[in-house]
Amino acid sequence: MGIEAELFKRGKQEDLWQRCCGYLDLSIEDFAHIQKRLLLEQLELLNRCELGRTIMGDARPETVDEFRTSVPLTTYADYAPYLLKRRMDVLPQKPILWQYTSGKSEEYPYRWVPVTARQLDQIEGIIFAMMILSTCNNKGEINLKGMDKVFYGMAPPPYTTGTMTRAFPNELFDVVPPVGEAENISFEERIKYGFDLALDKGLDLCIAMSSVTVAIGERFGRKGKSKISVKALVKKPKKSFRLLKGIVKSKLAGRPMLPRDIWKLKGLVSFGIDGSVYREKIKEMWGRYPLEFHGCTEAIFIAMQTWDYEGLSFIPNLNFFEFIPEAEVNKSLEDSTYQPRTVLIDEVKPGKYELVISSLHGGPFIRYRLGHLINITATRNEKLNIDIPQMKFLTRIDDQIDIAGFTRLSEKVIWKSIENCGIGYYDWVACKEINGKPVLHLYIEPKETNMNVREIESSIHNELKKLDKPYSELESFTGLMPLKITLLPENSFKAYKLRQQAIGASLDNLSPRHINPSMDTIRFLLKPDLSLLRKTVVTAKEKIEA
Amino acid sequence: MNLWALIPLISCVIFIILFLSVLPQVKKRIERIFALFLFASMIWSFTAVMLLHNISASSNYLIFWNGLVIAAIPLVVVSYYHFIRAYNNKKAGMGVWIGYAIVSVIIILSLMGYVVKDAYFIGNLLYHDIFYWDFILAAILIPFLSMIIMLLYRRYKNSIDPTDRNRTSYLIVGWSLLVIISYITPFTPSLKTLPIDHIGNLINALIISYTIFKFNLLNIQMIFRKLLTYIIVIGVLFALTTVLFFISPDFFTNLPLFIIVIILSLIYIFVILASAPLIKLVSKGVDYLFYRKTYDYRQELLNFNKKMSHILNLDELAKEILPTISKAINVTGASLMLQDNKTGNFETQFIYPEDENTAPESTFKKVSLEADSAIIVWMDKKGKPLNPEQMDAIPELRGLWQSEKDKILSSNMGLFFPFKSRDKLIGILTLGKKKNKSILSYPDIELISNIANQAGIIIENAQLYTHAKIKANTDELTGLYNHRHFHERLDQEITRNTRFGGTFSLIMMDVDLFKSYNDIYGHLAGDHVLRKVGEYIGNSIRGIDLAFRYGGEEFTVILPGTHIEDAYKVAERIRKTIESKSSLKAMPITISLGISSWPSDGIMKEEIIGRADEALYLAKQLGRNRTCLSSDNKKQHDTQLISSEIRSNPKALSIIYALAATVDAKDSYTYGHSRKVSEYAIAIAESMKLPNEKIECIRSAGLLHDIGKIGIPDYILNKNTFLSSDENQLIKKHPKIGSEILKHVIDLVNCIPAILHHHERYDGTGYPSGLVGEKIPIEARILSVADAYDAMVSLRPYRRQLSLQEAVDELKSCSGTQFDPVIVDAFIKVVQKNNADSVVYNNDYIYQLKENEDID
């Protein structure tokens, strides 16, 4: 049992708040100092291990400035030779467990990431903070009680959300379904079983992926219409009572039954890159806003909302943060050899940045580009007097597209699915778009003009399902068909190329990026300037004539 | 007066004292609620006193007070339940407010006379008739009573903190006794007429008091002590005046009014005058009662300011303060962490007790924390004490390293207390754990706080004094002790050895040819050499030895308790260290050393210094870079050469450097030219991997290549315009003049070919001999390139200074005609290799090198 669990058990609420949520009282100077000290500790570990020496080359930085100037920015490819083989001997500290996330299809199906015992200790504190903050209305308020009923709707180990179950104080709460049972059944069965139990026992806290939270809410609407077995109701009177209550409430409101008709939650935590997309929907279904946190497999926890459910405050003690300003991000996207400049947490100003993290507490990542574009909405939360920069996640800017936290589609998978469906095309680009729900939007320039968009959509969707299992699960579980196709006008890509030539772009940049091109590029492709093309034709004619 | 009233009276007095003690402290919610409970208990006892004290009181009077007694009971129960909820970090909850509502109803009913039907005394025993619903009241209280016990039991069960468990167990016992006794009393015929339930209340009051003091239930010890002091003083004075009046009541009645006024005034003056010493006396007694064994030490600490104000020595301060604090607070020990001058880290510098036989769990381990460590930054900012067990709960300490945490937790320290001066953290007092296993109380912390400010100033003064003292005794250039301190320490050593017997040795040393070094490289480079020599001496001696800069390039070392043979070993270590740090790139640095010993070489200071000086002089005479003993000097003819490494180099070099300095001094434009040519030439030779002897020859030749210019008139050398052909002819003679000068110096004969032919050209058109290609000695070919390069990149009055690239291009264009192509290539490689750090062609080469490569 960790210290937080002990404090919770002993009812030491002030101490528990201080330990878990006290970071919200830090001044930005204190925050930066914590980051600096923990990074220096990490540098000592890195300087002693093979991975550190490989990534940092000849550099043996001893200060934060040296670290930032002498160590290059990295991506997973830099770690893949070690982490894919799960080599523990090269790491700064021996891991206690390994977790993964979907990797680059075909190159490596999963990205394995080690987690050290010290990281897990920190995670336990953050999970408590998450639960406390999701249930409180004011600073210092702890509304959690021992054996509160908690629904945990996250993916099992070795996914990151499964790691959280390892750090979750299961013994202090009534987790539905119990973790031991849950890990042996499929995700869908688990959700179903968990809510069956919650109907019987009640529900105080829900921790689930945002897309799952919405999907469950939507099922309620459907379930409301199904027949109710009297026999089952008699067997489980508590469950019957709750259902009855829900039915009455929904009937009185004249709408399908929603989770909020059945349970009055103390707290709701949602996870997933699309959290903000579902925010209002979740509020409507569950009766309260979800507390969002931002994290990923490599960084685990990055930032978390507080009781105002607005911007996410960074967490100081799990990762060292650097931020690449948007202009620098664009430069580096244009020129892969360019080393963009970064700023530190006490230097950020409101604006867009790409997140760069270095693991602390013996974790492996060094100046690692997460590929997350975030918006620093404010340097502090004036309303709650929190002196920590506030962030919101915007999108992924690397060569992957995340859909509802279920899957990350790479360029290769998308390309292969287009190829496999056998349509004739010149070129394509893809990006994620949100219009009430997240979708993968594919812009294709077909060779034939009379193609049926729906048919292509369905065909590519089926291919994606074949190629990417999480993508198929997404549909089966949430009912989402997250694909949209737009056919581009003829010669879109040619016109783009000519435009690029005209502005003197290098050979590498004559064609747009397939994944996540800029909005400007998409706009151009949708309405290409064909006059450029005509000019070229005329010039060619002139040449022939001459 | 009914004696049975004494029980509630005592209980009431205790609750009044507790209530008044808590009242000034009520800041937190729990303190407010506890005060409410004490007030309720006090009311219960007070109403009981009012009920019982007068056996002849009227029936209505008895019914009224009896009603209030009964109404006070639920108030006590509900307020205690409220307190216990707060004690368990729970909000009041619905139950508490329902409870208070019931209490209000009962009070109203009792005031209206609906609680007690009748009340009367038989003898001094009270009997009453109550309404039946009073039994319902008793039943209503049962859930509250049970909840209290249940909450306390749960707290006890879940707690892993022994102090918390003890505290809770006392509260359980106190409350259980109160409940049991209160329920037994009305249902036991033999007891129901007696105020036995107040015995339960009294026991509970006593247990709560004990819990407060023993387990720090609330931080009211200090106020309680003061309150108790004043109550005793007021009680004594009141008793005295009352006795006075009772002794002679008639005396006052027969006196005129103004006399009574005067007497009363005198009495009050007496009371006022007597109260101050009485307060002091009682306060001392109360404090002694509370602190017992630690009392004297606490007094000592309170007088700390007076006692310590004159202390300027950190040792003395630590010796005074650490044992006293440890004993006063009754902890296992204490230590003082101070900032280290060199690293800036806070390190445990003084520890109490230092006894190694102490049990491991009580032994303090030394701790070192970086100045940037989260704990140091936090303490500096907040100025608050830190309990290591709270480290995890302080957000600012999230930056603490695991190794720092482990160090602190394994150090057996119970509290870190910051000492600040002028708002800056200057030291940390660390305390061990309480010997009686309890926790540090508020008065303990307050006691340390009292001395903290003064201690901070004293520590800072002592540090400044120590710093000033060190500075006064330190040579600024070398960081070694200075000449003045040398004499002081030598006197002390002689005095000590005279008194206690024993011996010590003295080493005197002098840097060889230092004047020449200064002349060639300048005084800045000379200072650098002295600094480095000082550093090497400091690093080569033992911990007990003391090194000094005697003056100029002379150094001394005092070696306490060391015979001359052992001193010789140390001396040789110093000599070899310095010699090994020299290289061929620049003028080598060596030292000569002389050793004397006390008392064999004399017992007076002057004798010892004189004998060591003579030995040093002998070492110089014997060719430098050696160690001589005072006994060598005594023997004169039978000189024992302790160092066998006799080389002729130093002797020859002294001549070279003196001559080179003379040549350079002739022409202000060529100042440093010989040195630079020598350096470039060495760089080429090293890159060509020539043998060491050749490199040494090239260095000497480089320094002396223009020695022949001694024979050239100054007006030609300093001419600002082009030279005439006659003047040119004269200039061309300088290689020959140089070789003529040097052929008389045996040590430099091997340099002659290089000097004589350094103006030969590879194609045979040079002077003086017109040698061609490989026939020109390689040393001369190297010098030729180095000389030309330096001339091109240096400023001359008759032409502009070439850029580095231009000079290199020029060398390339003359490769194969004027210069040997192999050497030009080698030189260009050297230039390119060192382009980044400008080693070769930068005019500040020597100084850069000095910073990077010691004295090489």
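The rule finds 5 salt bridges across the interface of chain B and chain A, a salt bridge being a side-chain nitrogen of Lys or Arg within 4 Å of a carboxyl oxygen of Asp or Glu. B:Asp372 pairs in this way with A:Lys36, their closest N and O atoms lying 2.5 Å apart. On the side of chain B that touches chain A, the elements giving two or more residues are α14 (374-382) and α15 (402-409) of chain B. By class, this side of chain B has 7 nonpolar, 8 polar and 9 charged residues.

The model is predicted: local features need pLDDT of at least 70 and side-chain atom pairs pLDDT 80 or more, while totals for chains, interfaces and linings use all residues. Residues are numbered from 1 along each chain as its sequence is written, chains are lettered from A in the order in which they are written, and side-chain values use heavy atoms, without hydrogens and water.

In the interface, 24 residues of chain B are in contact (heavy atoms within 4.5 Å) with 29 residues of chain A. The area buried between chain B and chain A is about 2300 Å², and carbon and sulfur atoms give 46% of it; this is the accessible area (1.4 Å probe) that the two parts lose on being put together, summed over both.

Chain A has 546 residues, of which 58% are buried, that is, under 20% relative accessible area (1.4 Å probe, protein chains only). Of the contacts in chain A between residues at least 6 apart in sequence, 66% join residues at least 24 apart.

Methods:
Buried < 20%, exposed > 50% of the residue type's maximum accessible area, 1.4 Å probe, protein only. Helix = DSSP H or I, 4+ residues; strand = E, 2+ residues; numbered from the N terminus. Nonpolar A, V, L, I, M, F, W, Y, C, P; charged D, E, K, R; others polar.
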